[in-house]
Amino acid sequence: MDGDGRAAPYDDGALLTIGAFARASRLSPKALRLYDELGLLPPAHVDPHSGYRHYAPAQLERARLVAWLRRLGMPLARIREVCELAPDAAALAVAAYWTQVESDTAACRDLAAFLVDQLERKNTAMTTPHTPLTMRYAALTDQGLVRPAHQDAAHAGPRLLAVADGYGPDGGQAAKAAIEALKGLEDQDLTSTDLLGALEEAAHRAHRAHRDHRAAPAAEKTTGCTLTALLRSGTQLALLHVGDSRAYVLRDSGLFQITHDHSLVQSLIDEGRLTPEEAASHPQRAQLLRSLDGATEFAPDLQLLEARPGERYLLCTDGLTGVLPAETIQRVLTAADGPDQAVRELIRLAREAGAPDNVGCVVAEMTGA
């Protein structure tokens, strides 16, 4: 077998049809077609007229290895790497992968504990008296060390926390406009208001304004921004998110990312086609699948959270998460005396790491009144 998984030439009579090869390898024809597309298990021969795929018996060993690794849950991108290794190196790679799985499982266990706690809070919210909360907060942005323009925006107030990351020639204005559209929520009486509805409607106004601006003859079609915001009323927090900026919460059990990136590389990670390590250097890592851009329908993620005293929340653009690992972010949020020190330290560390992008972050701390 050669380096790309193709067998040495065989007579047509010795080749297997895709159906026969699927049965022998315990892989479906659909899976075999996907693995061909990814260069993981190309057929030995493709008929130039019919397009029918034929496989060599010698490819069964590789196919079975692929099947076993998929049963382990290994992403296709990593399987491709393992299949190209010599047996000893492949064994070490599988062992390293399983060590990472065990570590990730521990992280998922913590996340499950977070979700259980969050759901239990909602279940008791109507029957248990709330502890009155006050919120300390700080926001800071930085142009970074490479970008020629500053296109991040951030806001922290008594009720609203928000970050936006602009892109395109008018991205800075798009980010500022999105934040400005939400600031009016600071002055509203939200005690009897549907928090999620109020936040979503304000964001939709920002989207409509950007869409109208884009319709102008001189408007730039590639301009837009991400938007991540928290709106507070008492102990309730409404979260709105679109794009690849992020929101985190720090509580006793650890630091948790409570948003999901709407990016091409995240979708490839979710599908198992890309590893997180590969995503960090992927040439299209900045490509968004959803944003506030005026060119597409606005489809933000929305959720309602229940806050408790002692929790710290971080909203940040990818200029921060692109250079600081989660462990560093958790350490800073845990050790800081307050939100102001936290945002300053996070941006200092981002600049120390090279700050290739603009940086925007907001930190808020929930305290008992």
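Reader: In which sense do β1 and β3 pair?
Author: In this predicted model, β3 covers residues 53-55. Two residues that face each other across the pair are L16 and Y55, the latter in β3. The two strands are joined over 2 bridges, and the sense of the pairing is antiparallel.

Reader: Which strands stand at the edges of the sheet?
Author: The open sheet holds 3 strands in the order β1-β3-β2, with antiparallel pairing. Each edge strand has a single partner strand, so one side of it is left without a neighbour in the sheet. The edge strands are therefore β1 (16-17) and β2 (45-46).

Reader: How many disulfides does a search of the whole structure find?
Author: A disulfide requires two cysteine sulfur atoms within 2.5 Å. For C316, the closest cysteine sulfur is that of C361, and at 7.1 Å it is too far for a bond. The search of the whole structure gives a count of 0.

Reader: Is C316 buried or exposed?
Author: A residue counts as buried under 20% relative accessible area. C225, at 0% relative accessibility, is buried. C316 has 1% relative accessibility, so C316 also counts as buried.

Notes:
Residues are numbered from 1 along each chain as its sequence is written. This is a predicted model: local features need pLDDT of at least 70, side-chain atom pairs count only at pLDDT 80 or more; totals for chains, interfaces and linings use all residues. Side-chain values use heavy atoms; hydrogens and water are left out. Two strands pair if DSSP finds at least two bridges between them. Helices (H or I, at least four residues) and strands (E, at least two) are DSSP runs, numbered from the N terminus. Buried means under 20% relative accessible area, exposed over 50%, partly exposed in between (1.4 Å probe, protein chains only).
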